[in-house]
Each structure stands twice: as C-alpha cells, then as structure tokens.
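The stops below follow one another as selections.

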Amino acid sequence: YDGQSFKKVTEKEGLASNDVHWMFEDRDAKIWFGTTKGVSRYDGKSFTTFTTNDGLIDNSVYAIGQDAAGRIWFGTQGGICSYDGKSFSNFADQVGSTFSNIRAVAVDKSGNLWFGGQGGAYRYDGKTLTTFTSKEGLLDDFVGSMIVDRAGNVWLGHPGHADHKGGASRYDGKSFKHFTEQDGLNGGNVYAMGEDKAGNIW
C-alpha cells in the first residue's frame with residue numbers, strides 16, 4: 001500500500017508462496033517474506049527465493065530477524081539458521097542443541113539474540129545459549145511471539161492450546177512477570193505483540 005492504492009504480490013510476481021507467515025525489513029531496506037515454501041527477499045524490483053536447496057534448514061519459515069553484525073536469522077519448523085549474505089549456517093551445529101517449531105526472533109538492547117518456540121525461549125549472547133522454560137519462570141513452554149520494548153524488557157506471547165497456558169510473559173533481565181485474562185487480557189491466547197509510540201504494548 002503506497003498511501004493511495006494496494007498492490008497485490010503473489011507467486012505470480014515471484015513470491016515463494018502465497019502462504020506468508022512473517023515479513024521483515026532489513027537494514028538495507030530489503031523485505032523478507034517467510035513462507036511455507038522458503039523465504040523470499042524483495043529488493044524493490046524483484047524477488048529472490050531461498051529454500052533448502054540453497055541451505056535453508058526448513059522451507060516453513062515462521063520468523064525473521066537481523067543481528068548487529070547484519071546476519072539474517074530464520075526461525076523455522078526445523079530449527080534456526082542464519083544467512084551472512086553468501087551462505088546459510090545451522091545454529092544447532094554452532095551451539096550443539098536442537099530446535100523445532102521456532103516462531104519468534106528478536107534482538108535485545110544488549111545485542112543478545114532471542115528465539116521462541118516449542119521448547120520455550122532461548123537467549124544467545126554470541127557465546128552462551130541460555131534456555132528459559134516454565135521452570136525458569138515462563139508462563140508456558142510454548143512461545144509464539146516476542147518483542148523487546150523501549151525499556152529493554154522482553155515480552156513473550158503464549159498462544160495457549162491443548163495443554164499449554166495462554167497469555168504473556170515479561171522478562172526484565174532478572175525475572176518473569178505473567179499476564180493472563182485475570183490481569184485484564186481480552187483473551188487468553190496471545191499470537192502477536194507490538195509497541196506504539198507512546199510505549200503501550202498491544
């Protein structure tokens with residue numbers, strides 16, 4: 001949407017799939033689309049698509065982010081990988097852990113990478129991987145969304161389904177605080193979050 005009209009972008013225009021899970025703009029103003037058939041990058045003129053044939057670890061891409069060094073990170077059904085502009089790297093090989101169903105990627109004010117998914121939340125400082133689950137204070141072990149607010153707090157959304165609790169967790173660097181329907185949430189399932197200019201969390 002350019003302020004006046006909508007332009008429809010589909011597989012006909014070069015998108016990997018019409019089923020888009022995530023959109024992300026990198027520091028070079030390129031737009032990345034995470035889909036069920038790989039990830040597509042739009043440079044303002046055309047699309048370039050990356051799949052498992054190019055080194056992506058799984059074609060179902062749920063989340064995308066970028067670290068301070070400019071690497072693009074992907075949360076997928078099959079785990080986490082990064083792209084340095086030339087090739088892909090499997091994060092599991094780097095840290096010696098396995099990941100699945102990664103639904104969120106964020107970078108905090110200290111430059112730490114955060115990932116959220118089926119096994120809870122993960123923080124990576126470049127050397128050490130720290131895992132957060134309900135044992136460490138998370139409301140639930142499934143994290144479906146994540147943002148870092150202007151104060152540096154990490155917010156984690158929990159969709160809530162089957163045996164999983166729905167709501168949100170906020171991490172201030174020391175401990176977690178939970179937010180559920182009892183605290184005023186309109187519903188128990190949190191699928192996405194954002195912060196407005198006034199600092200309100202939606």
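Buried here means under 20% relative accessible area, exposed means over 50%, and partly exposed lies in between (1.4 Å probe, protein chains only). This is a predicted model, in which local features need pLDDT of at least 70 and side-chain atom pairs count only at pLDDT 80 or more, while totals for chains, interfaces and linings use all residues. Residues are numbered from 1 along each chain as its sequence is written, and side-chain values use heavy atoms, with hydrogens and water left out.

**Aromatic pairs**

Select Trp32, which is buried at a relative accessible area of 1%. Rings of Phe, Tyr and Trp (its six-membered ring) pair if their centres lie within 6.5 Å; planes under 30 degrees apart count as stacked, over 60 as edge-to-face and the rest as tilted. By this rule there are 22 aromatic pairs. Trp32 and Tyr83 make an edge-to-face pair, with 6.2 Å centre to centre and 65° between the planes. Trp32 belongs to strand 2 (residues 31-35) and Tyr83 to strand 7 (residues 79-83), so this pair links parts of the chain 51 residues apart. Strands are DSSP runs (E, at least two residues), numbered from the N terminus.

Next, select Phe50 and Phe88. Their ring centres are 5.7 Å apart and the planes stand at 70°, so this pair too is edge-to-face. Phe50 is in strand 4 (residues 47-50) and Phe88 in strand 8 (residues 88-90), so the pair ties together parts 38 residues apart in sequence. Phe50 is buried at 8% relative accessibility, and Phe88 is buried at 13%.

Then select Trp73, Phe91, Phe99, Phe115, Tyr122 and Tyr124, which form one aromatic cluster.

Switch to a cartoon view and find the open sheet of four strands, antiparallel in the order 13-14-15-16. Two strands pair if DSSP finds at least two bridges between them. Strand 13 (145-148) and strand 16 (176-179) are the edges, each pairing on one side only.

Select strand 15 (residues 167-171), which pairs with strand 16 over four bridges. Four of the five residues in strand 15 are buried. Which residue of strand 16 stands opposite Arg170? Lys177 does. Tyr171 has Phe176 as its bridge partner. Strands 15 and 16 form a hairpin with four residues between them, and Gly173 in the turn has a positive phi of about 100°.
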